[in-house]
Amino acid sequence: MKYKDLIQFEPIETVVKLKDADKTSEAARLVKTYVMSDSMAESLINLVIPQLQLEQTIDNKGLFIVGNYGTGKSHLMSVISAIAEDASLLDLVKHDKFKKHAATIAGKFEVLRFEIGASKMNLRDIVLKKIEGDLKKRGIEYKFPPVDEVTDNKQYLVEMMGLFEEKYPDKGYLIVVDELLDYLQHKKELEIKFDLGFLREIGEVSKNIRIRFMAGVQETLFDNPSFSFVAKTILKVKDRYEQIIIKREDISYVVSQRLLQKNNEQKAWVREHLQKFSSMYKNMADRLEEYTSLFPIHPAY
């Protein structure tokens, strides 16, 4: 018997670009192809949706989606932002429990998506310049003052959202940023403190106005030894953000359901084959279903 007889292989993209979700057809494809584990669904239901929702008055915070390259971080942010922008995409979600809870944010936002590349600009100027450009496309003219004329960015974000809400009275404004950690890691101490200060401000202002901020990072920002020299500043940011970490179990589930999917008959063949060796390997008998689902990849890998 050959591997092709045991696995319903479905190829996946090696790289998902956040900006792809700006196109309706691509956003629909990304939502339709996203495989969500139960543990990821719980994280989104308990952490992401409560922070994004606009109906209840709570202490809303910003969001960090944490996942290394290849773990589906950009795909996940694309899915969340696509649903938030277009309620019709909710029908394409495969996880029923998440679909039910996501209805509270579906279609409730206008969305700005962008990635941060190699840049010497500070984070404040990058984000605000992107906002200005996005608003202009929507017919809203607003200019943030230069950084050397500002003592508090929050008042200008509030002012900007006032104009935004005149055009979109029933919508929130969701800003989604990818590759944030790569950008911050190349900064000097004073520059990082300034950027973290802006992150704190945009996290704080979320509790008062209908602006929401979500960023993708490769590693957790708060426990990262690379930023130990700005630990006090990091703590201030931590108070204003929730972290959703893509875990190993979430990745295993995606692999088993996308790359290595098997029907019941194929699972029976694999299970019968593996049982011959289960006594030779520690914990294999207890985890036989996991070994079967991931075959021919070892769960430890």
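Me: Is Arg124 buried or exposed?
Reply: Arg124 counts as buried, at 2% relative accessibility; buried means under 20% relative accessible area, exposed over 50%, and partly exposed in between (1.4 Å probe, protein chains only). This is a predicted model, where local features need pLDDT of at least 70, side-chain atom pairs count only at pLDDT 80 or more, and totals for chains, interfaces and linings use all residues. Residues are numbered from 1 along each chain as its sequence is written, and side-chain values use heavy atoms, leaving out hydrogens and water.

Me: Where is Arg124 found?
Reply: In helix 6, residues 123-137. Helices (H or I, at least four residues) and strands (E, at least two) are DSSP runs, numbered from the N terminus.

Me: Which residues is Arg124 in contact with, beyond four places in sequence?
Reply: Among them are Phe144, Pro145, Asn153, Asp195 and Phe198. Contact means heavy atoms within 4.5 Å.

Me: Switching to helix 10. Which residues are buried there?
Reply: Thr233, Ile234 and Val237, within residues 231-238. Seen down the axis, the buried residues of helix 10 fall within an arc of 100°, so they line one face. The arc is that of the directions from the helix axis to the C-beta atoms.

Me: What's on the face turned away?
Reply: The exposed residues Lys232, Leu235 and Lys236.

Me: And what covers the buried residues of helix 10?
Reply: The cover includes strand 1 (62-66), helix 9 (189-205) and strand 5 (241-245).

Me: Last one: where is Phe277?
Reply: Phe277 is in the loop between helix 12 (264-275) and helix 13 (288-294). Phe277 is partly exposed, with a relative accessible area of 32%.
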